[in-house]
Amino acid sequence: MPSLRCTGRLLKRLRQSPESNLPVPTNQLGDWYANLLNVDRHRLVICTSERTLLTVVVPIKDSGRLRERLRDAVGDLLITVGVPPTVSMAEIAGMETMPFGSTANRSVLGSMNDFVLQAEHYFYAATETVYLNELELFLAETPCKPLGYRNPIEATITALGAA
């Protein structure tokens with residue numbers, strides 16, 4: 001079971017207190033890190049896998065459903081990048097209960113900051129409607145130094161044994 005490790009700003013927005021004794025994640029993608037992403041009038045949450053840097057973006061509206069929206073977005077993105085449905089469903093099933101925690105990995109936070117800048121640029125450069133699944137795919141194709149300049153898609157497929 002992974003944890004949802006949120007920044008202080010997001011925990012405050014969600015009116016959640018971080019748990020102190022978080023379980024060791026048993027899923028392949030590890031804990032998920034989350035932060036606010038505000039672009040113009042769009043109020044979003046950016047969520048990144050600790051192990052593969054796979055990133056999804058979900059609306060913060062109805063924030064009580066954040067974990068459910070995260071699971072749905074991860075499931076959709078895993079299928080989009082070519083993870084077999086059975087493997088994707090197993091990973092999502094492991095995300096059923098996700099306790100809230102504080103961030104603990106500065107490398108993941110640094111990667112998330114890079115993704116935030118890219119997402120903002122993606123929104124501002126768009127000449128048409130921005131679809132979150134297209135933004136997520138754009139971020140998933142981005143080479144990342146912590147992954148040895150592989151992209152999150154490659155790291156995720158390797159981690160899930162779906163190659």
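Me: Which residue is the bridge partner of Arg5 in S2?
Reply: Tyr33 is the bridge partner of Arg5 in S2. This is a predicted model, where local features need pLDDT of at least 70, side-chain atom pairs count only at pLDDT 80 or more, and totals for chains, interfaces and linings use all residues. Residues are numbered from 1 along each chain as its sequence is written, and side-chain values use heavy atoms, with hydrogens and water left out.

Me: OK, and how many bridges join S1 to S2?
Reply: Three, and the two strands run parallel. Two strands pair if DSSP finds at least two bridges between them. Strands (E, at least two residues) and helices (H or I, at least four) are DSSP runs, numbered from the N terminus.

Me: What about S2 and S3, parallel or antiparallel?
Reply: Antiparallel, over eight bridges. S2 and S3 form a hairpin with two residues between them, and Val39 stands opposite His42 in S3. In the turn, Asp40 has a positive phi of about 50°.

Me: How many of the residues of S2 are buried?
Reply: Seven of its eight, so S2 is mostly covered. Buried means under 20% relative accessible area, exposed over 50%, partly exposed in between (1.4 Å probe, protein chains only).

Me: Switching to cores. Which residues touch the most other members in the largest nonpolar one?
Reply: Leu4, Trp32, Leu70 and Val74, out of 31 residues. A nonpolar core is a set of buried Ala, Val, Leu, Ile, Met, Phe, Trp, Tyr and Cys residues joined through side-chain atoms within 4.5 Å.

Me: Which elements give two or more residues to this core?
Reply: Strands S1 (4–6), S2 (32–39), S3 and S4, plus helices H1 (8–14), H2 (66–80) and H6 (152–159). H2 brings the largest share of this core, six residues. Another core, of 19 residues, lies apart from it, with Leu44, Ile46, Met112 and Leu147 among them.

Me: Now Thr52. Where does it lie?
Reply: Thr52 is in the loop between strand S3 (42–49) and strand S4 (55–59).

Me: Buried or exposed, that Thr52?
Reply: Buried, with a relative accessible area of 2%.

Me: Which side chains make a polar contact with the side chain of Thr52?
Reply: Ser49 does, at 3.2 Å, and so does Thr156, at 3.0 Å. A polar contact is a pair of N or O atoms within 3.5 Å; within protein, one must be able to donate a hydrogen and the other to accept it, and residues adjacent in sequence count only if both atoms are side-chain atoms.

Me: And what is Thr52 in contact with, leaving aside neighbours within four places in sequence?
Reply: Leu29, Leu147, Pro152, Ala155, Thr156 and Ala159, where contact means heavy atoms within 4.5 Å.
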